[in-house]
Every structure is written in C-alpha cells, then in structure tokens.
Amino acid sequence: MTFWLSAGIILTLACITFILIKWPQVRCNGVTPVGHFTFIAILFTSGLDVGLIMFPLTEFATYGDIVTNPEYGFTNPLAIEFGFWAFYIWSFYFLTCFYFCVIEPKVQFFTIPLVQFINNLVIIGTCAFTAYLLLSNLPWYLPDLVSESAKQGVFYAVVLAVISIAVYSSTDIRYLRILSIGSTWLFFLLIAVFWIAVLLHEQSQSMELLQSFALLTGYFAHIEQFIMPINAYHEFYLFWWFAWSIMIGQFTARFVGGMRTYQLFLSMLIFPSLPIAAWFVILYYDHLLQLNVSSEYNWLMAVVGIVFVINSLDSLIRLYTDNLHLSPSRLGKLPYIFANILALGILTLLFTLDFLKIQWVGALVIGLMFSCLLFVICNKSGGLGSIGSPERTAKN
C-alpha cells in the first residue's frame, strides 16, 4: 500500500506541475460560479470534516513523544499537525478541481459507466467514514453527556440525526450557501472564543501565545518531509486526503468563478490554511500549558464539529445523488430521504465493525487517477490543445 500511495503522490505532483506550467492563465469557470469568499467557504467547509476540530488535542502528545516516535523528531508537534491538515495537502483538491472544471468537459472520462460506478462508490463510502469519525470521537469530547449504560446508544442517535439532517438539507440547493458560509463563520467564532478564553486564563501569557505562531515555520522549513509518508499514521492521513480529493474536486469545480489557474492554486492552498493555523496554535498552547479552560468548550467544539459534518455530508450526498440521477424530484422527497439515511447508516456501521477502511477508498481513487491519465493520453490528448487558446480565453 505504501508503494501505491507513493506512486499516487508522484502522479499528483507531476500533474499539478504540468498544469501550472502549461495553463497558468486559463480562466476557470464552473457551471454555477460564485464569488471568491463563497467559493472559499464552500471549499473549506466541504473539504474538511470533524477531524479538524477534534483530532489535534488527541494527537499533539503523540507527535511530541519522539522517544516512542523518533520519526517526528525533525520538527515540533504543532508543525506536524499543520502539515497533516494544511497547505501542500490542499494541492490534491486543486488538481481535481481544475480537472473537473477545465479538462473533464473535454475528455468525459467520468461518464464511462464503470468509472461512474467506482466514483459514486468512493463518494458514498467516504460519506459513511465521515459519519463514523463523528461517532468514534464524540465519546472523547463529551464523556459526561449521559450515563455510562446509555452512552453508546445516545451517540448512535446523534450520528443518525446528523445523517438525517444532512440528507434533508441536500434536497434543496438553497441550503448549500447557508451551510457553507454559516459553518465558516461558526468556525471563526470558535477560534475567537478559544483565543479569548485562553488569553484570559490566569496561566496564559499573551506574548508567549503569539510567539507560538513561529512554531509553524517548522513545517515550511521541512515541507519535503511531508510529501511522502512519514509513518503508517501519516499514510492513513494521505490515503484519507486522496479519498476526499476526487469528490471535493467534482463538487467545488461547479462553483469556481473565473479565477485563473495560478489564482485557483494559491487560493486553495493559502486561504484554508490561515484559519487552520490559528485554530491549531490556540489548541497547541492549551495542550502545552494544560489549561483545560472549561468543559463547556468541549461542547462548543462538538457542536461546530457536528455542523462541519452536516455540511460535508450535504455536499457529498448532493454529489453522488446528482451523479446517479437520484434527485428528490425523480424519486420523491420521502423515498429520497429514507434511501440515503438507510444506505449511509448501514455503511457507517460497517466502518465501526472495521469491515471497511478509508485507506481502501484512497487506494481506489489513486487507481482512478492513473486510469484517467491513461485514458486522456490514449484517446483525448488532442482535445486538450484548445485549453488556453485565445478563443477559449475570450469566451471565459
């Protein structure tokens, strides 16, 4: 699996380099273009899930224990956490977004029936994994939610409710903008609340907290370390990003509003990384000083994480039902809602039983990428010559 993952990373980086060299000035327009802020909000909230909110506090200690994990010794835990979630890794989304916005309309690889089937299998599987992550992390953040005997049942009920809300919101496009922009501002609010709480804590020192940002330079100074898997856990993360990349590219490509290629590339790497950096810095400072500001903040994190999951599931459900032509208008609203809740509920349970793994989904996506490249080279490479031509640029 490591060799397959490394091959996928090399392919991804090679394709990104080719695109930026050959078509840097091409204007990218989706079928439903939106403004820059709305696009970034859709990208950010669709391209992330509950892991961003809930994972860091469980991982900093592991990254800092270089006796047990010497492979992390090249930099600090904050830089490693940032490297697993931000900047370079978002280039995966750029590649697929550019492909579906500019190249796929010409080559039509994803209209091939077998490819459509595999693509939708990937999307549905990753939807279920997102719900599974919420289910597996809620007990850690909300240990006092209910009595021990009823705890597991309550968490299952919460996840079922989240899936149900996401399925319902996917029935109408008007909910997309509300969810995306609302989730973004809610995350900004979460960051602000945590900063204020930590700054007001009696053990906190404001200059020391601000100086924590300097630790992020450890990522950029050693960015080459993050390109290939550091260890099995980093490999899991990379497969996870591959699993998300192809469907997030399909979804966000619809909303690109005329940015040039290089602008799209920079926007997708930089803008999501800024709030991630602010969030990780405050969490890392809290971890170092063991402030434990208040249990209420765990509730707030859980609420924001749940909203992120609803937003992500809404986007992905909307995508695979569109691909399969299973819209609410065609099936009827109630059958649409029931079928999606049932499918995602069953698949989520399969993840809890360790019957499915996100690494398998990521490996499948890498296979799709190689197949797509081969298809383009063998059948459609001549059709790409018009990309970036004066005629196309004028039209865009």
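Axes are lines fitted to C-alpha atoms, for helices over the stretch in contact, and angles between N-to-C directions run from 0 to 180 degrees. Helices (H or I, at least four residues) and strands (E, at least two) are DSSP runs, numbered from the N terminus. The model is predicted, so local features need pLDDT of at least 70 and side-chain atom pairs count only at pLDDT 80 or more, while totals for chains, interfaces and linings use all residues. Residues are numbered from 1 along each chain as its sequence is written, and side-chain values use heavy atoms, with hydrogens and water left out.

Two packed helices are described by the angle between their axes and the distance between the axes. Helix α4 (residues 56-64) packs on helix α14 (residues 273-289) at about 65 degrees, and the axes lie 10 Å apart. This crossing of α4 and α14 is right-handed; the term applies if the near helix is turned clockwise from the far one by less than a right angle, and left-handed if anticlockwise. Pro56, Leu57, Phe60 and Ala61 of α4 make the contact with Phe280, Leu283, Tyr284, Asp286 and His287 of α14, where contact means heavy atoms within 4.5 Å. By class, the contact of α4 with α14 has 7 nonpolar, 1 polar and 1 charged residues. Ala, Val, Leu, Ile, Met, Phe, Trp, Tyr, Cys and Pro count as nonpolar, Asp, Glu, Lys and Arg as charged, and the others, Gly among them, as polar.

The crossing of α1 and α6 is left-handed. Among the residues that meet here are Ile9 and Ile16 in α1 and Phe94 and Phe98 in α6. This contact has 9 nonpolar, 2 polar and no charged residues.

Turning to the rings, the whole structure holds 52 aromatic pairs. Rings of Phe, Tyr and Trp (its six-membered ring) pair if their centres lie within 6.5 Å; planes under 30 degrees apart count as stacked, over 60 as edge-to-face and the rest as tilted. Phenylalanine 44 sits in helix α2 (residues 36-46) and phenylalanine 308 in helix α15 (residues 295-323), so the pair ties together parts 264 residues apart in sequence. Both phenylalanine 44 and phenylalanine 308 are buried (under 20% relative accessible area, with exposed over 50% and partly exposed in between; 1.4 Å probe, protein chains only).
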